[in-house]
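Here are my notes on the model, in the order I went through it. Have the structure open while you read.

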Amino acid sequence: MIRQFELLERVKAYDPKVDEDALNRAYVFSVKAHGTQKRASGDPYFSHPVEVAGILTRYKLDAATIVTALLHDTVEDTVATLDEIEAGFGADIARLVDGVTKLSRIELQSDHSKQAENFRKLVLAMSEDIRVLLVKLADRLHNMRTLSAIENVDKRRRIALETMEIYAPLAERIGMQDFKDELEDRAFAELNPDGRESIVNRLDYLRQQGGEIVPRIIAELDGLMRKEGVTTVISGREKSPYSIWRKMQRNNVEFEQLSDIMAFRVVVQSVADCYRVLGVIHSRYAVVPGRFKDYISTPKPNGYRSLHTGIIGPERQRIEIQVRTEEMHQIAELGVAAHWKYAQGADRIDGRQYRWLRELLDILEHASSPEEFLEHTKLEMFHDQVFCFTPKGDIITLPRGATAVDFAYAVHSEVGDTCVGSKINGRLMPLRTQLKNGDQVEVLVSRNGTPSPEWERFVVSGKARARIRRYVRSQKHKEYADLGRAILHKAFRQEGYEFTEKAVSTVLEKYKYRSNDDVYAAVGEGILTGRDVVHAIFPGTRKPARDRKILPFRRSRAKSVPTKAEAVPITGLSAGIAIHFAGCCHPLPGDRIVGIITTGKGVTIHTIDCETLQGFADAPERWLDVAWSSGAEDEGYVGRVSVLVANEPGSLGGLSTVIGKSHGNISNLKITNRSTDFFEMLIDVEVRDAKHLTDIIAALRASSFVNSVERARG
Ligand code: MN
């Protein structure tokens with residue numbers, strides 16, 4: 001294990017001005033926090049964060065990253081809190097540690113390969129600051145190095161698979177080739193030990209046959225370059241067993257000699273030298289056709305640049321050669337970590353080809369100091385997306401700003417249509433709640449659930465919006481049709497005819513509707529009146545409209561409303577599209593009610609004694625007989641009362657207590673007048689029916705602080 005002073009020396013070697021105190025305190029904090037915890041290997045736990053920090057010093061990362069590495073498991077695995085870290089090390093470190101902690105909490109719960117890419121995006125998006133990801137990758141690398149200590153085979157496999165599918169590609173994505181190679185190879189050893197062993201054995205055999213071939217080839221290439229007067233550093237190395245394995249699988253080839261799996265690297269001082277060296281090599285050795293690639297003029301998406309070529313080289317061996325500048329080499333090996341080196345001002349910055357880092361580099365170029373650069377390097381790559389989980393661990397990708405309803409529709413249209421609630425990270429939350437990266441969302445559905453037109457105001461995904469619109473449209477049509485059919489029944493009767501579907505179908509052509517339902521919907525919506533339709537069906541038989549006298553101001557009778565055959569049945573559930581309860585009189589089950597048809601809006605239900613009805617006395621054709629259907633009182637209604645209470649301490653509290661004791665729930669309260677003596681207010685109360693409201697009114701009247709109370713009408 002790296003000791004405290006060693007770690008400090010390593011950082012000081014590349015950053016002499018480092019805050020030694022912070023590093024020392026972080027080391028001690030971590031040792032103390034992890035205390036006597038042990039790893040699966042039996043080593044003290046704190047050896048792990050120290051090794052992770054050690055890995056990162058190889059990449060010459062800034063002190064904040066090293067401190068974060070030391071602290072990275074303290075919040076998740078010990079009693080230490082984020083507040084303590086902020087108090088001891090500042091907000092910046094606390095934010096980084098929090099980021100790593102959050103990344104550690106999410107894991108791919110099911111091994112669906114198709115989800116791996118989404119998961120990688122999630123990890124990147126959650127990283128925000130690239131240093132969070134660097135610490136996480138180093139953490140994973142050390143865990144892979146010590147994987148064999150874990151006894152549970154399934155757990156080892158899961159970690160290895162996750163490494164292969166998520167973390168190795170992530171390391172490649174940010175250009176950290178070393179990390180990628182080692183992560184992959186260690187995962188390969190766990191997932192396919194036999195396959196890896198066969199490659200390793202083959203390499204050993206070839207090495208025995210060929211002897212020290214690598215140094216000889218390097219020596220010959222080196223001599224050639226000297227003669228040409230180009231300054232180069234040449235190295236050679238075997239590819240990793242996993243990359244050989246994959247190459248063999250992909251290209252369906254065997255490897256016959258060691259050079260097939262060797263890459264020689266010529267590092268030069270300028271781009272011009274790259275092409276010069278290439279010319280020298282191509283004119284000296286035979287070129288293997290189809291192996292030349294110019295990644296300098298066309299860099300790989302992760303920013304990799306190099307010239308690649310294959311030749312029949314010294315000793316008649318087929319070898320691969322990569323030619324690149326020192327800076328290209330740094331970026332190829334260290335990826336994003338290389339930019340810190342350049343950010344320190346040690347070298348010029350030329351990362352333009354590093355496509356996905358372009359935004360970071362823009363900031364870098366315009367930032368006046370490395371500190372400012374770090375301050376602004378938030379990854380904005382997936383800013384337009386948010387990644388959430390189902391309870392089973394499946395990932396759902398949604399546009400940013402998406403809500404639980406969007407999530408439900410993304411899972412399945414059916415789930416969206418019938419959702420009634422949601423649990424986000426285990427807590428009941430409103431359906432309109434905007435989701436955050438990593439949220440686990442459980443959708444609560446009900447067999448009777450239907451989409452609400454309200455949802456359209458807050459959903460952001462196209463699928464959800466389209467489904468809701470479609471539902472509302474079809475629902476509207478259905479409700480208007482139901483209503484229209486009832487209206488027509490009544491109109492037929494009033495005109496002295498018997499209602500038949502067949503009769504209605506005779507006017508389809510005249511009105512240019514395709515089905516009877518369309519006619520009903522038009523009537524329900526108020527586009528046609530019932531009498532229009534009847535007279536269209538029976539032309540020439542128009543009778544004078546019955547001179548009905550409308551008497552809206554009768555007090556409702558005590559006995560319940562007679563359910564006439566022609567009355568349209570109403571329940572609380574009817575309310576919404578075709579049927580509305582009037583805001584003036586708040587009808588309740590038990591009240592005598594009447595409907596008023598309004599073109600394009602359907603029917604508004606009023607109590608028979610509502611003053612608003614006066615305005616419709618001259619339009620009998622707009623009146624519609626309606627009646628409460630049985631069981632209507634189970635749906636929940638809002639009644640309104642106007643109350644005058646004494647302006648004294650406790651009267652408002654007493655008021656709500658009385659209503660509560662009577663099982664009424666106050667849904668709205670508005671003070672309409674306030675004097676020194678009295679409050680005058682309107683209270684909306686959720687009740688079962690008219691009688692329930694009457695009971696509440698009686699209870700209020702019995703209270704000493706209530707001066708007067710009336711049901712509000714009109
Ligand atoms: Mn860790």
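1. Arg39 sits over the face of Tyr45, 5.7 Å from the ring centre. The test for a charge over a ring is NZ of Lys or CZ of Arg within 6 Å of the ring centre and within 35 degrees of the ring normal. Keep in mind that this is a predicted model: local features need pLDDT of at least 70, side-chain atom pairs count only at pLDDT 80 or more, and totals for chains, interfaces and linings use all residues. Residues are numbered from 1 along each chain as its sequence is written, and side-chain values use heavy atoms, with hydrogens and water left out.

2. On to the metal. The manganese ion has His48 (NE2), His72 (NE2), Asp73 (OD) and Asp139 (OD) as its protein donors, at 2.1 to 2.3 Å. Donors here are N, O and S atoms within 2.8 Å of the metal (3.2 Å for Na, K and Ca); water is not among the atoms, so sites may look incomplete. Along the chain the donor residues follow the spacing H-x23-H-D-x65-D. His72 is buried at 0% relative accessibility, and Asp73 is buried too, at 7% (buried is under 20% relative accessible area, exposed over 50%, partly exposed in between, with a 1.4 Å probe and protein chains only).

3. Next, the sheet: 5 strands, open, mixed pairing, order 12-16-14-15-13. Strands are DSSP E runs of at least two residues and helices are H or I runs of at least four, both numbered from the N terminus; two strands pair if DSSP finds at least two bridges between them. Strand 12 (568–570) and strand 13 are the edges, each with a single partner strand, so one side of each has no neighbour in the sheet. Strand 13 runs parallel to strand 15 (residues 602–607) over 3 bridges, with Ile579 bridged to Val603.

4. Now the aromatics, 13 pairs in the structure. A pair means ring centres of Phe, Tyr or Trp (its six-membered ring) within 6.5 Å; planes under 30 degrees apart are stacked, over 60 edge-to-face, the rest tilted. Phe188 and Trp245 are tilted, at 5.5 Å and 45 degrees. Phe188 is in helix 11 (residues 177–191) and Trp245 in helix 14 (residues 241–251), so this pair ties together parts 57 residues apart in sequence.

5. Phe581 and Trp628 are stacked, at 5.8 Å and 15 degrees. This pair links strand 13 (residues 579–581) with strand 16 (residues 623–628). Phe581 is partly exposed at 23%, whereas Trp628 is buried at 12%.
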